[in-house]
Amino acid sequence: MGFSAMLVGSISGFGMQMMNNALQKVPLSRKPWLHVTYFFLGGYIGQKWVTLEKELVMDINEIRADKGMAPLVATDRMLGLHYRRSDSPYVGQIGNKAE
């Protein structure tokens, strides 16, 4: 998921510069260093997005555990969080049983 997010972010950054040049009605290849800069900047943002999304889900599950609620449905699979059920901080919570 990280590589695909980085790739989408990179293409979006490159496309943003191309669209900027197209809207200004200047040659699309003008200022090529900005194409490269936005390509790498978009890739970085795409990579950070995945990290922030994982942290957000973990924070939400921590808040839900404090309130005595079960974690979000399919948290383990939705963001690629791989840990054994016995290592989960939510074992023993409502609806969760150690395997």
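Helices (H or I, at least four residues) and strands (E, at least two) are DSSP runs, numbered from the N terminus. The model is predicted: local features need pLDDT of at least 70, side-chain atom pairs count only at pLDDT 80 or more, and totals for chains, interfaces and linings use all residues. Residues are numbered from 1 along each chain as its sequence is written, and side-chain values use heavy atoms, with hydrogens and water left out.

**View 1. The chain has 3 helices and 0 strands.** Read from the N terminus, its elements run α-α-α. Of the 99 residues, 22% count as buried (under 20% relative accessible area; exposed is over 50%, and partly exposed lies in between; 1.4 Å probe, protein chains only).

**View 2. F3, M6, L7 and I11 make a nonpolar surface patch.** The patch covers about 400 Å², an area from the Shrake-Rupley method with a 1.4 Å probe. Patch residues have over 30% relative accessible area and no salt bridge; nonpolar side chains (Val, Leu, Ile, Met, Phe, Trp, Tyr) are joined within 5 Å and like charges within 9 Å. A salt bridge is a side-chain nitrogen of Lys or Arg within 4 Å of a carboxyl oxygen of Asp or Glu. I11 belongs to helix α1, residues 2-23. With a relative accessible area of 51%, I11 is exposed.

**View 3. K25 and K31 are in the loop between α1 and α2.** K25 has a positive phi, near 55°, although the residue is not glycine. The relative accessible area of K25 is 75%, so K25 is exposed. For K31, also a residue other than glycine, phi is positive and near 55°. K31 counts as partly exposed because its relative accessibility is 42%.

**View 4. Helix α2 has 35 residues.** From its first C-alpha to its last, α2 reaches 51 Å, close to the 51 Å expected at 1.5 Å a residue; the expected span is 1.5 Å times one less than the number of residues. Buried residues in α2 include H35, G42, G43, G46 and V50, and V57, N61 and A65 are buried as well. After α2 comes G68, with a positive phi near 80°.

**View 5. E55, D59, E62 and D66 form a negative surface patch.** Asp and Glu count as negative, Lys and Arg as positive; His and the chain ends are not counted. The place of a charge is CG of Asp, CD of Glu, NZ of Lys or CZ of Arg. D59 sits in helix α2, residues 32-66. D59 is partly exposed, at 43% relative accessibility.
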